[in-house]
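Please have the sequence and the structure open while reading this note.

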Amino acid sequence: MKLKYYLPLCLAFFSLLGFSQNMQEGFTYLETGQYQAAESFFKTVLEDYPNNKTARLCYGRAVGLHNSPEQAEVLFENLLYDFPNDFEVKLNYGESLLWNSKFEKAKTYFNVLIQEDPKSFPALLSYANTLSNLKMYEDALIYVDKALAVSPGNPNALTSKKYMYLGYAYQQQQAQNYDEAEHLLLENLTLFKDDGDTQINLANLYLIANRLDDATTVYQTLEANPEYNITGLNGLALVAHLNENDPEALEFSELAFSKLNIDSDAKIKQATTERYIQALIWNRKYAEANTQISNLIETNPNENWVLALRATLNIYKSDFKESVADYNRILENDSTSFDGNLGKANALKALGYYDDAYISAENTLSFYTNQKDASQFIKTLNTSFTPSWETKSYYSFDNGDNKAYAIQTGIEIPTSTKLKWLASYGYRSTSNKVTDNEAQSNNFSLGLSYQILPNITFKGVGGITAAKASTNDYTHFVTDVSFNIKPYKLQVLDIGYKREIQNFNAELLDREIVMNHAYANYNLSTNFKLGWFTQYFYTWQSDDNARNLLFTSLYYNLFNKPALKVGLNYQYITFKNQVPDIYFSPESFNAFEIFANVIKNEETTKPKSWFYELTAATGFQYIEDDSSQMTYRIQGKLGYKFTERAMLNLYGTQSNIASATAAGFNYSEIGLRFKWYLFDKPLFRK
């Protein structure tokens, strides 16, 4: 936060009454802020009266306040040499130290002046402002009160005091001492009733502390004040967005935007235009947002706030490379830019440049200590590379009297942003009372995941399955090798090979059927809420059978928070050989269904909160030449996130789709899953 300070001129302009009347024009220039004119005026006076103290003082002030504070400091040093005991000269020299940001030196200097004259209002106020610049706000408030005791109600001192409170509150906010920051701002409001600057800072504090209801109350107060009406509307739009009500955010922004006119303050006009375009982006009105940004680019081609808007739009559209280009331009203009550094970090993360994303986020914190968004970004990125352990157990049964109990556990250990080591163990016991078959299998695997390129990740897992069935015990090698590829924006392709043992029930385990799968998954998203997912498996088996499986889904995203999508699914399966007495293996199987899916993602859920997912689907299936049969499918999970590192959820599935089970038709499963991040950050980060 940049503070404003108002220091008195500290000049006895009329110490030489007769001569000062000849310099009244120059005094007027100084008092009205026409520093360049004042500099020229007093320079001319000094040509005739080079030793006049008042003219030298005024010239030094004009030079310093115009654009040469370093030169002013030298001029006052010379004056101090000529008039070493002149208190007025000392005050002006001290002020020149402030102009040059030599706050530590100014602190020592003004402390001496106060001892020389404890009742000097200019010395007390300058010292208070010096302490404030050094962020020593408690002491600054003590000395500004001393200045006010000398000059009660002095407007310059009162203004300084207000900004000291704001600076002190901001300091506490940065240290995440939100209660103390709130106390300081509320105290400031008792001193400066209905002060807009303080209310804006208070609302911002409530936003950072996630006290959205309190922020709404403050913004409503601002909205009711004609002077801050548009600012209040802009704030209410942001709160609505944070409350996941983007349509309402757009309503507030449209109202604020409509109130702008040719006489509107430039800063308000920029802030309101910025919020309006952001609201368009939040509501996926990309064409309208692009039109607004293009108009701004024509008149402001290199303004950081305009570039940031375009970069944000491109992030929402998944044009991350274009976003990085704009953020780089922002950083060329201002290397300390918050939007430039953190925005670039987000874009780099989306592109898979994780090490560079860390660097950009840490750059943000180097300029904005403890900034909440940057800290949260790093925490979220850390979670992606923190060792984790996950285990789940489940019980399943179907209409073929097959029952199974299983437990699976796995660990992931990233050793860099590119390399992750994998290990897992699974145990499954299955039985059938009708056939009196029982079987157990143990699965062990080790593997790794490696990011070859930012858009290509290899995953390889190998292990063994050890099975013990009624008449057969054996061990087989199993594996799963795949590539995750992002060929273009909004597209993901997985291709791979998997080898496993058919273990659905005890009889199949006893038959020792090895399944080899070549598979591909392809997902296409769009910027207009439509998506398409397709999966293909070709399977050849050790029993000389082969299978083709095609699944495709066309879906539409209705809402983002919580995510709700609806769509159509189609599934086709064909087997080379039909062996219905052993497992479901039709010559042709077709299934059509409509579905709805709602999800609150566990990764984005805050600690001490619930997460969930529910999928409901219904349709028809056609098995070879049989008549159509109505199908249903229900899948759900409900979980609780205890901390950033631990979560637990219950899940279940019920389906009568024939392809869900090797026996055909009804299948049910219920399970419990627990995930725990073993540490609070990655192993490879200090």
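The points below take up confidence, then two helix pairs, then a run of strands.

1. The protein averages a pLDDT of 93, and 96% of the residues score at least 70. The mean is lowest in helix α1 (residues 17-21), at 44, whereas strand β9 (residues 530-541) has the highest, at 98.

2. The stretch to treat with caution is residues 1-21, over which the pLDDT is below 50, although this stretch has 56 contacts in the model beyond near neighbours in sequence. Where pLDDT is low, the predicted coordinates should not be read in detail.

3. Helix α11 (residues 178-191) packs with helix α12 (residues 196-208) at an angle of about 160°, their axes being 10 Å apart. Because angles over 145 degrees count as roughly antiparallel, the two helices α11 and α12 are described as roughly antiparallel to each other. Their crossing is left-handed. On the α11 side the contact includes Tyr178, Leu185 and Leu189, and on the α12 side it includes Leu202, Leu205 and Ile208. By class, the contact of α11 with α12 has nine nonpolar, four polar and one charged residues.

4. Among the residues in contact are Phe320, Val324, Tyr327 and Leu331 of α19, together with Gly340, Gly343, Ala347 and Leu351 of α20. By class, the contact of α19 with α20 has nine nonpolar, five polar and three charged residues.

5. Which strand does β9 pair with, and in what sense? Strand β9 pairs with strand β10 (residues 546-559) in the antiparallel sense, over eleven bridges, and one point at which to check this is Trp540, whose bridge partner in β10 is Ala546. The hairpin of β9 and β10 has four residues between the strands, and in this hairpin Asp544 takes a positive phi near 70°.

6. Strand β10 also pairs with strand β11 (residues 563-575), again in the antiparallel sense, over twelve bridges. Here the bridge partner of Tyr555 is Gly567 in β11, and the hairpin that β10 and β11 form has three residues between them.

Methods:
Residues are numbered from 1 along each chain as its sequence is written. This is a predicted model: local features need pLDDT of at least 70, side-chain atom pairs count only at pLDDT 80 or more; totals for chains, interfaces and linings use all residues. Side-chain values use heavy atoms; hydrogens and water are left out. Axes are lines fitted to C-alpha atoms, for helices over the stretch in contact, and angles run from 0 to 180 degrees between N-to-C directions. Angles under 35 degrees count as roughly parallel, over 145 as roughly antiparallel, 65 to 115 as roughly perpendicular and the rest as oblique. A crossing is left-handed if the near helix is turned anticlockwise from the far one by less than a right angle, and right-handed if clockwise. Contact means heavy atoms within 4.5 Å. Ala, Val, Leu, Ile, Met, Phe, Trp, Tyr, Cys and Pro count as nonpolar, Asp, Glu, Lys and Arg as charged, and the others, Gly among them, as polar. pLDDT is the predictor's confidence in each residue, from 0 to 100. Two strands pair if DSSP finds at least two bridges between them.
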